[in-house]
Amino acid sequence: TYPSQNSVEQANGWYTRWENFRKKHVPTVGGYQTARLYNFMVTQNEMMKAATSGALLSLVIAFLVLVLATWNWWMSLLGLV
């Protein structure tokens, strides 16, 4: 059995293990997995991607704003640190 509440890593780990098991023992049947465990897994994965890309994009925009405000790329780079 597996827990009903888990982290992103745990849910992805369970999915990968069962998917490997399915492909190893019944590769020609096809099909897909369904479990309560996976209900929120896709949303968690997308939230992690969105948080990472949002943080990186905000740093790039902040750098560009600092460059335009100071006209000094070195000072702008130091401002991000």
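## Helices α2 and α3

In this predicted model, helix α2 and helix α3, the latter formed by residues 73–80, pack at an angle of about 140°, and their axes lie 8 Å apart. That angle makes α2 oblique to α3, because only angles over 145 degrees would count as roughly antiparallel. The crossing of these two helices, α2 and α3, is right-handed.

On the α2 side, the residues that meet α3 are Leu 59, Ala 62, Phe 63, Leu 66, Val 67 and Thr 70, while on the α3 side they are Trp 73, Ser 76, Leu 77, Gly 79 and Leu 80. Sorted by class, this contact of α2 with α3 comprises 8 nonpolar and 3 polar residues, with no charged residues.

## Helices α1 and α2

Helix α2 also packs with helix α1, here at an angle of about 125° and with the axes 10 Å apart. With that angle, α1 is oblique to α2, and the crossing of α1 and α2 is left-handed, whereas that of α2 and α3 is right-handed.

The residues of α1 that make this contact are Val 8, Ala 11, Asn 12 and Tyr 15, and their partners in α2 are Met 41, Gln 44, Asn 45 and Met 48. By class, the contact of α1 with α2 has 5 nonpolar and 3 polar residues, and here again no charged residues are counted.

## Salt bridges

Side chains of opposite charge can pair when their charged atoms come close. The structure holds 2 salt bridges, and one of them joins the side chains of Glu 19 and Arg 22, with a distance of 2.4 Å from N to O. Both residues belong to helix α1, and because they are 3 residues apart there, Glu 19 and Arg 22 are separated by about one helical turn.

## Confidence in the model

Where pLDDT is low, the predicted coordinates should not be read in detail. For this chain the mean pLDDT is 89, and 95% of the residues reach 70 or more.

Key: Residues numbered from 1 in each chain as written. Predicted model: local features only at pLDDT ≥ 70, side-chain atom pairs only at ≥ 80, totals over all residues. Heavy atoms only, no water. pLDDT = per-residue confidence, 0-100. Axes fitted to C-alpha atoms, helices over the stretch in contact; angles between N-to-C directions. Helix = DSSP H or I, 4+ residues; strand = E, 2+ residues; numbered from the N terminus. Parallel < 35°, antiparallel > 145°, perpendicular 65-115°, else oblique. Left-handed = near helix turned anticlockwise from the far one by under 90°. Contact = heavy atoms within 4.5 Å. Nonpolar A, V, L, I, M, F, W, Y, C, P; charged D, E, K, R; others polar. Salt bridge = Lys/Arg side-chain N within 4 Å of Asp/Glu carboxyl O.
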